Amino acid sequence: MAKEECITQRNKTGDPSTLRNRKTFPTSEKTLRTPSTPVLKDKNRHTTGLKPEDDTQSSNGTSAQLSARGSFSDEPQNKVFLMLVVGLSLSTRLYKITEPPHVCWDETHFGKMGSYYINRTFFFDVHPPLGKMLIGLAGYMTGYDGTFPFIKPGDKYEHHNYWGMRGFCAVLGSFLPVFAYLIVLELSQSQTAALITATLLIFDTGCVTISQYILLDPILMFFIMAAVLSMVKFSRQRYRPFTASWWLWLVLTGVNLAGAMGVKFVGLFVILLVGLNTVWDLWRLLGDLSLSLVDIAKHFLARVVGLILLPVFLYVTVFAIHFVVLNKSGPGDGFFSSAFQSRLIGNNLHNASMPEYLAYGSTITVKNLRIAGGYLHSHWHLYPEGVGARQQQVTAYLHKDYNNLWLVHRQNNNESQSGTPDLVRHGDVIRLEHKETTRNLHSHLHEAPMTKKHFQVTGYGTNGTGDANDLWQVEVCGGQKGDLVKVLRSKVRFLHRATGCVLYSSGKTLPKWGWEQVEVTCSPYLKETPSSQWNIEDHINPKLPNISLSVLKPHFLEILLESHIVMIRGNSGLKPKDNEMNSKPWHWPINYQGLRFSGVNETEYRVYLLGNPVLWWMNLASLGLYLIMVAVASVALQRGFSLGQKRIEHSHVLMRGGGLLLLGWLLHYAPFYTMGRVLYYHHYFPAMLFSSMLTGITLDILLKSADLLLRPPYSDWLERAGQLVLLLTVLYSFYLFHPLSYGMTGPLAHEPGSAMAGLKWMDSWEF
């Protein structure tokens, strides 16, 4: 008898099929079948008494019966709360949207890039183009003409119509609490958990601030949350495969994945989240013996189409539109190859003509073939003391510039003064003179500034007078002695005669003394690589006939690949600007340091990006609390403890819905510990969304567990009191810290009379 009771006890908690087939808990079953049951009384809707063939539950802890009946979020009462969330979210984001009326923080970049789209001017950015395209479209649709220069933070907008771009970002940012509400409602089937989540995000000063300016972050987070919501909704349709609603949510998931990836590369994190969820879903289907292998193949192919092929197609389409719209030469030309530039109207290579073969006496620019390798460049500045020889700097510069021009001379200066000039051939020894400074391209045995095993390259001599270290042998890659050097098409290497090394662009960024340009060295390693290969781009010689260069225009796939290589390398090489705050990933969850969006002193309009510290620390505490609650629930289930249906349902919501959100938080946070690029506080906000949703579920279940301490109705009173205290805490903390978001003037926080007096709880906060 004891053994039988033990087995029965274990089946109550550990075997889902037994749980569904037991004829117990009639109240729960009745509740499931009564749509009009008030939500707050029906706190959890996990099902019992289902048929054996419905043995598989969805990942959010809801049942087949509930899925077949319709979404929990479709009930009228929930729609009222949804409209309340929408109204509060829009009002907090759109309030004072035009303030301050000057450029704030990264509006310098993304507002300017929106202008580039309106003017169809090509530029370079380390992020994919969708976010900037949408900003430009929003500006265009609201009357902005693209003429504001966006030079630096603090510049007044004056008569320029900037509110449309800010308003667009604010509206997308307003959807974040709405999406979070719907996601938590689906995962937990608890209106209270959804409302807690929405409240946390609506009244978070950080979310408000980051949504009110011309930035990529609200656009990125919009697509991330939309993708997660679509994924959860799609999971709710699993018992109605291949219906219209099933396809709708599958397609919307793919569309939003493409959107997230099209704004920033960190969109890969939500793609990984959806991918892992999909793999688990397919694994579950594989274990469903009621499905044939043909049915499983259909499910697999549908997901391939909706979650791989469709997002890839949309992502590539975004770039196709990007390249079509930005067809005029602009500040981004120099980051790309000569062939890429030849397609840009206004570029000196577009429909250009120039001498076909390199000749002595020509003025040229020399471009490295490494992606983002730059143009061979020099300027009047010298290498600092202690960095090789104190001679003129030679670098690689990514932009078009007069200091990129070089003159080609024979080694002995004997050049034809009349008639057709002699052509440069493979094996010739030449001297390159910098046109602006008249210094010769020079190398010697001093070590390079960054790449210590290479030799330093400098500018040396005056008016063409130098020494033997100024001589370079021209080598056409794949050529032989006597071959001519073709402009743009020949891959050329320059071998230093004295040391035997080869001219090389290392790709490393020089410090401030080198103006953060790219290091040029002379490499003793003679293996042919793009870093040691160059081409002649501009070629000016009035004594030679010109030919058209239109044949060099690349295909779409070539420019798509090149643009991605340039973006990835540019992203990894980002460094902080002077006086710019950057942070480490461990700073972010504890709200260690914010970002100054506008203003410094008491006479300026100050805006400071900082999450509501009460809410962020609550999120951090809830992470620990969640792990404890899951551990306790897991042990109780594994040991077969006698748990009521309510506890079992709570455990499933924690482990399934909460587990999905915890995974989302980890995927959007942990990878930053592996990144070598400069990081900023705002990078944490996508992870913060998942953390807030997890907090909503955790606190809701914690409050609903009040009956472990008290009997009804006292437990209900304790639960309501806890909810009220939580709400008042959130509202009061928002009241205290809202000047950070909506702006403040006057005394600073440490001075008497300040709006933030006594609220600088951490020394690292700079308001």
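For my tallies, Ala, Val, Leu, Ile, Met, Phe, Trp, Tyr, Cys and Pro count as nonpolar, Asp, Glu, Lys and Arg as charged, and the others, Gly among them, as polar.

Ground rules: I'm on a predicted model, where local features need pLDDT of at least 70, side-chain atom pairs count only at pLDDT 80 or more, and totals for chains, interfaces and linings use all residues. Residues are numbered from 1 along each chain as its sequence is written, and side-chain values use heavy atoms, with hydrogens and water left out.

Cavity search: I looked for sets of points, on a 1 Å grid over the protein atoms alone, where a 1.4 Å probe fits but cannot get out. Points are joined across faces, edges and corners, and volume is the space filled by probe spheres set on them. I got five cavities of 30 Å³ or more.

Largest cavity: its volume is about 100 Å³. I found 14 lining residues (an atom within 4 Å of a point), and Phe-123, Asp-125, His-127, His-322 and Met-567 are the closest to the centre. Helices here are DSSP runs of H or I, at least four residues, numbered from the N terminus. H14 (293-325) and H16 (556-572) each give two or more residues to this lining, with H14 holding the largest share at three. I sorted the lining into nine nonpolar, three polar and two charged residues.

Second largest cavity: I get about 60 Å³ here. Its lining includes Met-231, Phe-234, Asp-281 and Arg-303. Helices H11 (217-236), H13 (268-286) and H14 supply at least two residues each, and H13 gives the most, four.

How values were computed
On a 1 Å grid over the protein atoms alone, a cavity is a set of points where a 1.4 Å probe fits but cannot get out, and a pocket is an open set with protein on both sides within 12 Å along at least five of seven lines; lining residues have an atom within 4 Å of a point.
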